[in-house]
Amino acid sequence: MDSAVNTRRFPPGAAATCAAVLVAAPASGQGKTTVAAALARLHVRQGRRVRAFKCGPDFLDPHWLALATGAPVHSLDLWMTGEADCRARLHAAACEADLVIVEGVMGLFDGTPSAAELAARLGLPVLAVIDAQAMTGTFGALAYGLQNFQPGLPWAGVLANRVASERHADMLKDALREPGDWLGALPRSADFALPERHLGLVGAAELGADAMVRLDAAADVLATTPLGQRTPDQLPQVRFEHEAAAPIAPLLAGRTIAIARDAAFSFIYPANLDVLEALGARLAFFSPLADEPLPPCDAAWFPGGYPELHAEVLSASDRLRLSLANHVTTGKPIWAECGGMMALFDELATRDDAEPHDVHRLWGVLPGRAVMQKRLAGLGPQQLDLGVHALRGHTFHYSRCETPLAPAARTVGTRGGEALYVHGPVRASYFHAWFASSPEATARLFGAMPLELDSHAAPASSDAPH
């Protein structure tokens, strides 16, 4: 065990200081996840405790960060999760970790709120990753612009990615106005490239042992750079403070919630599980891909994921189909998000111009079909109002649903919001909820109290960021 491992203990409510960086880039696809995960893996291999976070709504990048750190990865978003929640999670991490790594979202200044705004608000120094292939002097201009576009932005330095040679790396380093900003270069390499598909990176769990092989390969290369050779004491130190949050009332005490969790339904925020347990619920997981029936429960949750990639297997899950029908007949609630909702329809078409073999019979809980399409159908922050309580979250999907059901309500957000369908005890939407934004509203989703929906669909609002 490395002697630098954090042995500090901070009194409840006291400020905590820890090495921390926010890994950002000029745009998506520059290598943020690779660098953030490699940095985490490198320090974990050296015996240090590392906690990682993801800026903005995301289910896929956190899979890689969790594999690298061996710890849950939470989202930080000034709108969806709120600044107080961000501060509390970072403070808790700093109390136990030697290094905190936050991976940014899209480009550093993209979105509202952006990763840059999070960095400035919380004092997180930016470690910029720039895909430097096919450039030399422009690398310096990009680095200078990222550092100075927003005055006072905390700064850690810049790392070049996908570099062709040592000579290329030297030219990139010479292009910087401040040589001290240079944190090294990573080469182009298929050994640690992270595979992608239509919703983003392929989940680490899908690659089996190969996922860790890729992380170790990236960590090995990073270890040769100035960034990889720094100990936590040589990285920027950040002081984290927060105010204690109000306790969560046990509104789901005595209730068991069955949760679908496997390769088809993996879009689950760890924080959402924490909220359900804080509400007093007992969690029981099951695998639809294994045709496991619903375990004994009072309510069920079908989170998002990739049902379209597993439609043939899910179509054959007769034991689950029967248990779902019994669950609904007895009036027990179901909350289904995005991919979870898609699987509840009568059919799932895996192509927009589907041939008969592309259409799969699904579980028949909701009338109609879900249809995959090539174009993005929904993206952006959303809010679901349930009486005086509001759940914040987001939407991101390439499918549409064709159903005779009329929306019982709509989320407030971009593109007119997402429909919320209520069919008997089933509540379903493309909306992914962040349960911690309103534990009270979360309890309503699982039937502890009436939903309290407005009688009309909510209009789009400019209050949600774009």
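Helices here are DSSP runs of H or I of at least four residues, strands are runs of E of at least two, and both are numbered from the N terminus. The model is predicted: local features need pLDDT of at least 70, side-chain atom pairs count only at pLDDT 80 or more, and totals for chains, interfaces and linings use all residues. Residues are numbered from 1 along each chain as its sequence is written, and side-chain values use heavy atoms, leaving out hydrogens and water.

The buried residues of α1 include Lys-32, Val-35, Leu-39, Arg-41 and His-43. Just after α1, Gly-47 has a positive phi of about 90°.

The protein has 12 helices and 25 strands. Of its 466 residues, 56% count as buried.

An open sheet is formed by 4 strands in the order β22-β18-β19-β25, with antiparallel pairing (at least two DSSP bridges between two strands). Its edge strands, β22 and β25, each pair on one side only. Strand β19 is joined to β25 by 3 bridges, and His-394 has His-432 in β25 as its bridge partner.

| Element | Residues |
|---|---|
| β22 | 412-413 |
| β25 | 432-434 |
| β19 | 389-397 |
| β18 | 378-386 |

Helix α3 (residues 78-96) lies across β18, β19 and β25, where contact means heavy atoms within 4.5 Å. The helix runs at about 105° to β19; axes are lines fitted to C-alpha atoms, for helices over the stretch in contact, and angles run from 0 to 180 degrees between N-to-C directions.

Notes: Buried means under 20% relative accessible area, exposed over 50%, partly exposed in between (1.4 Å probe, protein chains only).
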